[in-house]
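Here is a short report on one protein model. Look over the sequence and the structure, then read on.

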Amino acid sequence: MTTRPLARSLAPLPEESLPGLLLRLAYRLDRSPARIAALCGLSRHQHRLPAEYLIALPAESMKALMAAASLREGEPDALTLSAMAASYPPLATMRVGGSRNMASARRTWAFSLSSRYCPNCLAGDGSAIQNAYGGPWRLRWHIPVSFACTTHSRLLECGCPQCGGHPNRPSNTERQGLITQRTIGGLHPAQCRHHLAPGTVGAGVRTPLCAARLDKTGCVAGEPDSDLVMMLALQRRIDRNLTPARHSPGTSGTYSSQDQHFFSDLIAAAQLIRLSWPDSARFAPSSSIAELIARHVAAWTALRENPSPGRRVRDAWAAPQDPAQCAALLLAADTLLGDRDQDGPGLRERIQPLATAAFTRNEANTSAGFRRMDVSPKLSRALAQRSLGFNRAGGHHHARKHVPSRQCHFGIEHVPALLPEAWLAAHFGDLTNPGDVWKPRHLRRVASLKLVEMAGGGTWPHCAATLGIPWATAQRSLTVLKQSLLPGGLWPLFETAVESVAQGLDADASRVDFAARRRRLSTWQVPVEDIAGLAAGLVRLANVESPVTRAAVSALVWARVTQGDHLHSPPVQALREAQQSTKPVVAAIGQLQTPSNRRGARLLLFQRINEYADGLAQACHEGCGGS
């Protein structure tokens with residue numbers, strides 16, 4: 001059916017919302033908002049105005065609205081929050097359709113149907129059209145992080161000064177929609193559409209609407225106090241990030257990486273401030289800001305512990321309704337975050353005590369809630385619960401556990417399964433003894449696990465799997481080091497040594513791709529003719545060309561080229577998979593590796609194997625031959 005144009009229409013005001021335009025049209029045409037919506041092709045069953053229209057309009061509804069209200073291309077979209085979805089991640093994750101999404105919107109800080117408002121803005125800018133029909137109900141007032149009007153240097157209002165009702169928040173008997181009491185006409189767009197509280201009129205008389213003017217409480221701009229100055233400064237930053245300047249066409253992306261995580265980080269930090277209060281009180285910029293947060297947390301805690309029949313516990317994760325309390329919470333969150341580009345380690349030092357308090361005092365799934373937030377890598381690293389430098393291995397698997405613990409120029413492919421002995425000697429001298437045989441091996445293994453975690457993130461089992469180290473072997477090495485280093489408080493020395501290795505890898509322009517070597521030699525065995533060459537002239541060695549010797553030499557070459565453990569080499573693993581004994585091969589390797597056995601022919605063979613392996617390693621590094 002063709003939509004007929006309205007007899008008189010209105011051009012949308014800058015930043016005006018769809019419900020705001022419908023209210024102004026209804027007032028001008030002396031019809032109810034429900035009737036205007038029907039004429040504009042926006043109504044559904046029972047003249048409903050679906051709440052999801054605030055997020056985006058379906059294509060058919062958009063065409064009908066354009067035709068009825070004589071709107072230009074792009075204007076219907078500009079009346080919805082869809083334009084902000086690209087810069088406000090909580091909004092981008094919302095799925096349109098159904099009242100259940102509204103609860104999710106509150107919980108995730110996506111948006112609120114109940115609009116905050118600035119009375120000065122609603123009063124208009126003095127133009128004839130705004131004097132007659134009022135100023136705009138702005139779209140950004142539906143975003144929970146909008147708490148102040150920077151134009152009029154004041155905090156927003158959230159309720160009617162007469163009845164306390166919230167704009168666009170329906171009573172318990174009315175289905176949630178864009179406009180409260182949508183079937184009632186004759187009200188100015190800035191009038192309260194809520195019923196007065198029962199009992200204010202005589203029995204048997206229908207409760208009248210409040211109808212108080214929300215634009216009559218405007219204040220004259222004065223000199224703001226210090227708290228308001230801070231709130232307005234934060235609101236200006238928030239507003240810039242809600243509608244960020246696009247890059248030039250020649251740049252690779254629309255927004256910078258920092259912009260992408262601005263809101264996610266701010267909201268996550270606000271949740272952490274709230275969950276860890278009063279431990280987080282030191283991040284409130286002033287005592288009055290702290291008092292506002294304390295009042296909010298007290299009411300918020302009471303709601304969680306004693307939810308009323310009409311409220312769900314999950315609503316307690318919503319943003320504070322009161323603009324001043326919301327501003328205070330976000331100010332503390334912004335202080336907690338600080339300058340993330342300058343103090344990555346400092347951020348973790350600030351975050352960790354609060355995270356420990358929050359996760360200890362609240363529900364068991366609180367930490368999982370933070371892992372699901374799409375925060376920046378730096379905040380994710382700061383939030384991660386660690387044990388001895390690794391993300392804790394317990395709990396549910398989640399991608400957030402794979403955030404690297406530091407910014408590395410090297411990758412996980414540059415880490416061998418066992419730290420090279422030269423690196424061990426250069427960086428771990430304080431942790432090794434000359435006569436100790438086994439501890440250095442555990443140090444080499446755990447150091448490699450930690451380097452993988454630094455470059456690629458993950459728990460220690462994930463890091464072990466990346467390097468091809470069996471879970472039990474990695475756990476054994478960690479246990480040995482715990483027993484050796486923790487009692488004497490030596491673990492920080494281990495972490496410092498690994499960090500020095502990481503810095504060396506960062507600076508190395510010719511890093512070795514150990515992962516490529518492992519792949520290349522995954523099915524490799526030393527050729528028979530090469531075995532003969534290695535044993536040439538060693539007449540005192542028996543059975544040099546036997547399968548056992550070939551497997552042992554292949555394992556030793558593999559271990560030296562990949563800097564791995566010969567017990568996990570492909571020849572030994574192949575015997576295990578075939579359910580054959582590995583003892584003969586392991587014994588042959590032991591005879592060559594044991595220093596007391598390195599004499600005469602065995603010593604010469606061992607030296608030739610190492611030279612052969614070094615040549616193969618160089619060939620792998622240059623990308624030619626050797627396999």
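## Helices H18 and H19

Is the crossing of H18 and H19 left-handed or right-handed? The crossing is right-handed. Keep in mind that this is a predicted model.

Helix H18 covers residues 460-467, and helix H19 covers residues 471-485. Their axes lie 9 Å apart. The packing angle is about 125 degrees. Angles over 145 degrees would count as roughly antiparallel, and 65 to 115 as roughly perpendicular. H18 and H19 are therefore oblique to each other.

Which residues in H18 and H19 meet? H18 brings Trp-460, Pro-461 and Ala-464. H19 brings Trp-471, Ala-474, Gln-475 and Leu-478. Sorted by class, this contact has six nonpolar residues and one polar residue, with no charged ones.

## Helices H23 and H26

Now take a second pair. Helix H23 runs over residues 547-562, and helix H26 over residues 600-622. Their axes come within 9 Å and cross at roughly 50 degrees. H23 and H26 are therefore oblique to each other. H23 passes H26 in a right-handed crossing.

From H23, the contact uses Val-553, Leu-556, Val-557, Arg-560 and Val-561. From H26, it uses Ile-609, Asn-610, Tyr-612, Ala-613, Asp-614, Leu-616, Ala-617 and Cys-620. By class, the contact of H23 with H26 holds 10 nonpolar residues, one polar and two charged.

## Two backbone details in loops

Where is Pro-278? Pro-278 sits in the loop between helix H10 (257-276) and helix H11 (287-305). The peptide bond that leads from Trp-277 to Pro-278 is cis. Its omega is near 10 degrees.

Trp-109 belongs to another stretch of chain, the loop between helix H6 (100-107) and helix H7 (119-123). Trp-109 is not a glycine, yet its phi is positive, at about 65 degrees.

## Cavities

Empty space inside a model can be searched for too. Rolling a probe the size of a water molecule over the atoms shows where empty space is left. How many cavities of 30 Å³ or more are there? The count is four.

The largest cavity holds about 170 Å³ of space. It is lined by 20 residues. Closest to its centre are Leu-23, Trp-137, Pro-167, Asn-168 and Arg-193. What classes make up the lining of the largest cavity? It divides into nine nonpolar residues, 10 polar and one charged.

Definitions and conventions
Residues are numbered from 1 along each chain as its sequence is written. This is a predicted model: local features need pLDDT of at least 70, side-chain atom pairs count only at pLDDT 80 or more; totals for chains, interfaces and linings use all residues. Side-chain values use heavy atoms; hydrogens and water are left out. On a 1 Å grid over the protein atoms alone, a cavity is a set of points where a 1.4 Å probe fits but cannot get out, and a pocket is an open set with protein on both sides within 12 Å along at least five of seven lines; lining residues have an atom within 4 Å of a point. Grid points are joined across faces, edges and corners, and a volume is the space filled by probe spheres set on the points. Ala, Val, Leu, Ile, Met, Phe, Trp, Tyr, Cys and Pro count as nonpolar, Asp, Glu, Lys and Arg as charged, and the others, Gly among them, as polar. Axes are lines fitted to C-alpha atoms, for helices over the stretch in contact, and angles run from 0 to 180 degrees between N-to-C directions. Helices (H or I, at least four residues) and strands (E, at least two) are DSSP runs, numbered from the N terminus. Angles under 35 degrees count as roughly parallel, over 145 as roughly antiparallel, 65 to 115 as roughly perpendicular and the rest as oblique. A crossing is left-handed if the near helix is turned anticlockwise from the far one by less than a right angle, and right-handed if clockwise. Contact means heavy atoms within 4.5 Å.
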